[in-house]
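Student: I have a structure to read and a list of questions. Can we go through them one at a time?

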Amino acid sequence: MGSIDSLYDKIKRYLTSIFGGEGSTDAITGYSSGELQMAVFVMLLASLFRIFLIPLGIVLLLGAAIMVAYFAPIIRTVELENSNDLNRVLFWVIVYFSIILAVTLWGI
Amino acid sequence: MIEISLQLLGFIAATVLVVVGIAGMLYLDNLIKKLIAFTLLSDGVNLALVSLGYVQGGIVPILEPDASIFEFPNEAALIFGPGIVLTNIVIGVSTTAILAALIVVLYRRYGSLKASKVLKGDRE
Amino acid sequence: MNEAVTNLWSVPLLIIIPILTAILVNLLYNKTKAIRAISVGASIAVLAIAVLSPYGFHWFAGHPAVNSDGTYTFTASVFSWKLSLEYYYGPLQQILIGLMSLLLLFTVLIATKSLSKNLGPYLAIIFLTYVSAAAVLMTNDFYHLWIAVELGSLLVAGLVASSGTAYAQKAALKYTFFSALAGSGLAISLGLILGLTGYVNITDAIHFLMSNDLGGMYAVLYVAFAFLTLAWVYAGGLVPVHPLKSDVYRSAFPHGTVLLQTQSKLMLVAIGIVMLRLFGSLPFATDVMLVISVLTMIFGVVMALIQTDLRWILAYLIVSHSGLVTVGLSLGTYRGIVGGIFQALNDVIYMSILLICCEMLLYFGKGSTSIKFGGGVAKKSPWLAAFAVLGAMAASGIPPFNGFQSELILLQAALEQGLPEVAAVILMVSVSTFVALFRAIYSIFLKPEPEKTSESYVGRFKMPDVVFISLVVLLSISLILGVYPQLAFSFINESALKVVLVPWVP
Amino acid sequence: MIDAFMTVAYLMVVGVTIGAIAALLQKDLLRAAYITGAESIALAFLFHALLAPDLGLTQAIVGTVLMPGIIILAILKTRRHEESD
């Protein structure tokens, strides 16, 4: 079974189980294209590590591809993490801030 | 006993205020409590900025009529922190007023001060 | 030799006229005709000043720049300690503030047309929002930067809350709560930079950082950078706070969002340029900015794809396109900075077209702009449909419009830096913008109307003249910039070159 | 002399800390607002001790009158005690 085919089937089955219908409504097309965008983006981000070391980039790219196929429908998680709950945003800001501090102070 | 300078003491108090303020804003559920935590946070920032300008054994940065102009820059505390803090206090008051007004308006709508009820993440 | 003080006349006018208008309009409160006359007159005056003004400096506190031989000068190009609070009005400021004044005029016209209750305070907030963005763009010292950013964030909350719905008030409350963190962060950052260098003026601070070895104090500079990044992220609505900022964009009136998105993009450009000038040479600084921009682009566009409401789609697309602006700035090269600033300019124009179309849909549809609008609007208002389609084409970077030119420059800049991944993300954003917008536009405008709603919306929708004229003006600017982008480059080039080559010159 | 001054400073730091924590732990919101005012007095003294007397005066006025006043107004317009559930 081709992996792309099965990934698409997985996403479509997941989304139709949430929204109902035969898979061509507004919400489902949006969610599935968003899911594929996230998959591509995760792989792009993994491949960006080639700047430090080219084999590292290749390994991370393969790993990201496997992870994407394994955890396939991540769009609901992404949507949840992007929700406008005040405490969640505060939490993410504090995480971000500590990462920025760690990265920049690491350069000294 | 360990000798702690006044500046370090100020930084310690400021750190406590900032940490308490952020923790309060994160963990407390009541909107007015969140507002109080916000005032504590801005107090902590003010204290940190004032402590930044402190000079050990220095004088208040106001030039007396009979003071020496040449020794004044070496002795006086640094002025940049207070310059920011004065504005920061005023901005803190106006932000508090806006927040209080919004809290009152939302209380009239929802009949509750609980952030988990009023501010939960939802889409219209 | 000692020169006479020649302060530029236009800078204080650009700040004071909107403030006076805000006070006056607020006092008039509900007298619609007087408010309309005063506010339209003031915005035309501001537009004229922004267009006609020469370039130059305005010094507050009046300290002249001290030369090495003890004389003083006000010439900006020679090296000297400025020791003053100063405003600079140059080509970049002229084009951005001029565009913002044009949008202010349209916003005021539409607001006075569509609102009648509490018009005075609302217009006062709009004018003050304009002031905050203009001040951030022109200033060359930390105090004004900080105060304008703080007040700008409070005004955003006010502008949103004045739209009156419960959702808008919640969004305003969340955004203002967050200003506690960001505003305090900005204050601490400025305190640290001032403590490190001792100069309020950004030019002086950069001189100090370049000519003195900080030694072990570099850590303090990094902490200042981290806090300034937090304020940048907050003012522009980049990734960790983008849920709050998209709430804000969504729940204000669409004509208010025109000014809100202009303000936040101008602040992104202004604070981003200050960060590049101050911290551009630090290792990891531009990398952190680049990562934040890439995440903003992708999360904004993914969240836009999964929405089913035109207002939400526009809100998230504005966030995502802010990422396009900052990705250019954070590349740090000449071409990247030109692309980023040009993208901000284009973005403001085409998003305003789409937002005004959205305002018209709200006006026609009595409150609903969801994708389930029912379709058939194109038959009733063909002009509106044409404007929406053309605006969406400009937003997604289709050639005859301006979005194409800036995205091309951004792609070139990313490839020049050896970052094809970033170029791929820019392309993804462009394509997904097309998908998200045309999904909505198809089902609102182009889909045939269902039969059953025959009793409502009979006949054609009549677009107000004001809206028609503003859409035509914005669309023609978009076309002109798309065909002949050199018009804008002549304004942008100089400041981009300055940021790269002589960062201490404002 | 110096020691007495430092002792008072220590006391004020302790007061600021305890005031901050106590204000957030109160169930009665009105009392929390009063405690914020008391904490502001300690803060104003610290400003004074840190060679910024002008800020001490400002903080004393703003922190003890204006800020608790706004908070008390908000409490009077809403409710005095925290909701239990």
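Student: Is Tyr29(C) buried or exposed?
Tutor: Keep in mind that this model is predicted. Tyr29(C) has 12 other C-beta atoms within 10 Å. A residue with 12 or fewer counts as exposed. So Tyr29(C) is exposed.

Student: Where is Tyr29(C) found?
Tutor: Look at the backbone first: Tyr29(C) has a positive phi of about 60° although it is not a glycine. Then look at the helices of chain C, α1 (10-28) and α2 (32-52). Tyr29(C) is in the loop between α1 and α2 of chain C.

Student: Now whole chains. What radius of gyration does chain C have?
Tutor: Chain C has 19 helices and 4 strands. Along its principal axes, its C-alpha trace spans about 85 × 55 × 45 Å. A compact globule with 506 residues would have a radius of gyration near 23 Å. Chain C agrees with that, at 22 Å.

Student: What share of the residues in chain C is buried?
Tutor: Start with the contacts between residues at least 6 apart in sequence: in chain C, 79% of them join residues at least 24 apart. Now take burial over the 506 residues of the chain. Buried residues make up 60%.

Student: What share of chain A counts as buried?
Tutor: Chain A has 5 helices and 0 strands. Its pattern along the sequence is α-α-α-α-α. Among its contacts between residues at least 6 apart, 43% join residues at least 24 apart. Of its 108 residues, the share that counts as buried is 25%.

Student: How far apart are the end C-alpha atoms of α10(C)?
Tutor: Helix α10 of chain C covers residues 254-279. It is mostly covered, with 26 of its 26 residues buried. At 1.5 Å a residue, its 26 residues should span 38 Å. The end C-alpha atoms agree with that, at 36 Å apart.

Student: Which chains share the most contacts?
Tutor: Rule some pairs out. Chains A and D do not touch, and their nearest C-alpha atoms are 17 Å apart. No contact joins chains C and D either, with closest C-alpha atoms 14 Å apart. Of the 4 pairs in contact, the most contacts are shared by chains B and D.

Student: How many nonpolar residues are on the side of chain B that touches chain D?
Tutor: In this contact, 40 residues of chain B meet 36 residues of chain D. The elements that give two or more residues to chain B's side are α1 (6-27), α2 and α4 of chain B. That side has 3 charged and 8 polar residues, and its nonpolar residues number 29.

Student: Which element gives the most to the side of chain B that touches chain C?
Tutor: The contact takes 27 residues from chain B and 24 from chain C. On chain B, α2 (31-52) and α4 (80-110) each give two or more. By class, chain B's side has 18 nonpolar, 6 polar and 3 charged residues. With 15 residues, the element that gives the most is α4(B).

Student: How does α2(B) run relative to α6(C), parallel or antiparallel?
Tutor: Residues that meet here include Phe38(B) and Leu41(B) in α2(B), and Phe177(C) and Ala180(C) in α6(C). The residues of this contact divide into 10 nonpolar, 4 polar and 1 charged. The axes of α2(B) and α6(C) come within 10 Å and cross at roughly 0°. That makes α2(B), relative to α6(C), roughly parallel.

How values were computed: Residues numbered from 1 in each chain as written. Chains lettered and ligands numbered in written order. Predicted model: local features only at pLDDT ≥ 70, side-chain atom pairs only at ≥ 80, totals over all residues. Contact = placed C-beta atoms within 7 Å. Nonpolar A, V, L, I, M, F, W, Y, C, P; charged D, E, K, R; others polar. Axes fitted to C-alpha atoms, helices over the stretch in contact; angles between N-to-C directions. Parallel < 35°, antiparallel > 145°, perpendicular 65-115°, else oblique. Expected span 1.5 Å × (residues − 1). Buried ≥ 20, exposed ≤ 12 C-beta atoms within 10 Å, placed from the backbone. Rg over C-alpha atoms; globule rule 2.2 N^0.38 Å.
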